[in-house]
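Here's a quick tour of how the parts of this chain pack against each other. Have the model open as you read.

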Amino acid sequence: MERERESGNGGTTGKTIIGVFKSVFLPQGYPESVSGDYLQYQFWDTLQAFASSLSGTLATQASLRGVGVGNQEATVAAATITWLLRDGTGMLGRILFAWLKGNKLDSEAKKWRLVADVLNDIAMFMEILAPNFPTCFTLIVCSAGIFKSIVGVAGGATRAALTLHQARRDNMADISAKDGSQETLVNLAGLLVSLILIPLVTDNPLLTFVLFFLFTILHLCANYKAVRSVVMETLNEARLAIVLHQYLRDGRVLGPLEANHKEPVFLDHWELVHESHKLMDQIFHPFLKGKLSVTRCAQPVAVYSHRVCRDVVSGVRSAKPRVCPSPKELFGS
């Protein structure tokens with residue numbers, strides 16, 4: 001009886017710990033209050049944040065060494081000027097990027113999320129490399145500052161778009177707050193590991209570069225898996241082109257999972273989007289150029305366009321792909 005009671009108490013304690021963990025780090029009402037891809041995305045996002053934290057430690061150490069920390073010949077004024085120039089160029093880069101690409105960050109959130117992390121790795125690599133080129137140190141760190149400013153804009157804006165996608169009960173604030181808690185926990189873990197790494201990499205540039213490349217590979221792979229796990233239920237230009245290409249080819253409307261799987265997020269699958277544009281041009285270009293009779297084509301094209309819009313919308317809302325009338329069935333022979 002005592003053993004059963006002890007085992008029962010152990011199970012209750014385990015459930016209590018899990019319950020506290022969920023209430024602290026997961027949104028209220030999880031999993032019903034978030035999208036189905038939430039857990040998978042957060043897992044990969046947590047892993048990439050941990051790798052980025054360690055890479056950031058190596059970059060910070062290199063930057064401090066570059067501005068003269070530990071060097072008796074370095075002056076406070078020179079280090080301050082370098083830091084101000086880096087921050088100033090970063091502010092200008094932030095404004096310029098938001099002006100040029102701000103309207104793309106909502107519809108192409110996955111692509112720009114990945115691009116931001118690639119730029120972040122490039123910026124950190126430049127900061128690690130900068131102390132080896134003292135004459136160009138200021139120029140290199142200012143360029144890295146511009147990249148990091150782009151990361152700040154793109155990362156923050158795309159994270160907001162992804163949070164909106166994950167929210168299922170108008171709980172964006174709760175999801176964002178819990179995401180901040182998860183990131184803080186990861187940064188704490190990264191801080192503890194960094195305390196072990198710093199003595200090892202001090203005055204050892206080779207080990208610094210080796211560890212940085214290992215962390216970068218982990219960071220990029222985890223980021224790619226994270227954005228690939230997201231299943232957006234709305235249509236942007238790339239997903240619409242993919243869905244229309246499939247419809248024009250065999251009359252089948254892809255579901256959200258298939259459309260997102262084929263969507264290009266960086267350098268992959270763009271040929272499919274270009275192919276769909278060509279196919280749509282081949283079908284609609286003769287009509288738009290007036291080479292076909294208006295009385296012969298106006299009604300079929302109107303019906304076809306109506307069916308495409310209606311079927312794409314209804315198909316994207318369902319989890320399973322739907323088979324719709326093909327172009328030949330609508331246009332006839």
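Skipping neighbours within four places in sequence, V201 is in contact (heavy atoms within 4.5 Å) with L58, Q61, L207, T208 and L211. Before going further: this is a predicted model, where local features need pLDDT of at least 70, side-chain atom pairs count only at pLDDT 80 or more, and totals for chains, interfaces and linings use all residues. Residues are numbered from 1 along each chain as its sequence is written, and side-chain values use heavy atoms, with hydrogens and water left out.

V201 also belongs to the largest nonpolar core, a set of 12 residues that includes L58, L211, F209 and F212. (A nonpolar core is a set of buried Ala, Val, Leu, Ile, Met, Phe, Trp, Tyr and Cys residues joined through side-chain atoms within 4.5 Å; buried means under 20% relative accessible area, exposed over 50%, and partly exposed in between, using a 1.4 Å probe and protein chains only.) Helix 2 (38–66), helix 4, helix 6 (172–201) and helix 7 each give two or more residues to this core. Helices here are DSSP runs of H or I, at least four residues, numbered from the N terminus; strands are runs of E, at least two. Another core, of 10 residues, lies apart from it, with L105, W112, V115 and V151 among its members.

Now for the rings. The whole structure holds 8 aromatic pairs, meaning Phe, Tyr or Trp rings (the six-membered one for Trp) with centres within 6.5 Å; planes under 30 degrees apart count as stacked, over 60 as edge-to-face and the rest as tilted.

| Pair | Centre to centre | Angle between planes | Type |
|---|---|---|---|
| F125 and F212 | 6.0 Å | 25 degrees | stacked |
| F125 and F213 | 5.8 Å | 45 degrees | tilted |

F125 lies in helix 4 (residues 109–129) and F212 in helix 7 (residues 205–229), so their pair ties together parts 87 residues apart in sequence. F212 is buried, at 1% relative accessible area, whereas F125 is partly exposed at 27% and F213 is partly exposed at 44%. Ring pairs join F125, F209, F212 and F213 into a cluster.

What does UniProt list as "transmembrane region"? The unreviewed entry gives residues 184–201 and 207–224; such annotations may be inferred rather than shown by experiment, and positions follow the numbering used here, with feature names shortened. In the model, residues 184–201 are 100% helix and 0% strand, with end C-alpha atoms 24 Å apart. Residues 207–224 are also 100% helix and 0% strand, and their end C-alpha atoms lie 26 Å apart.
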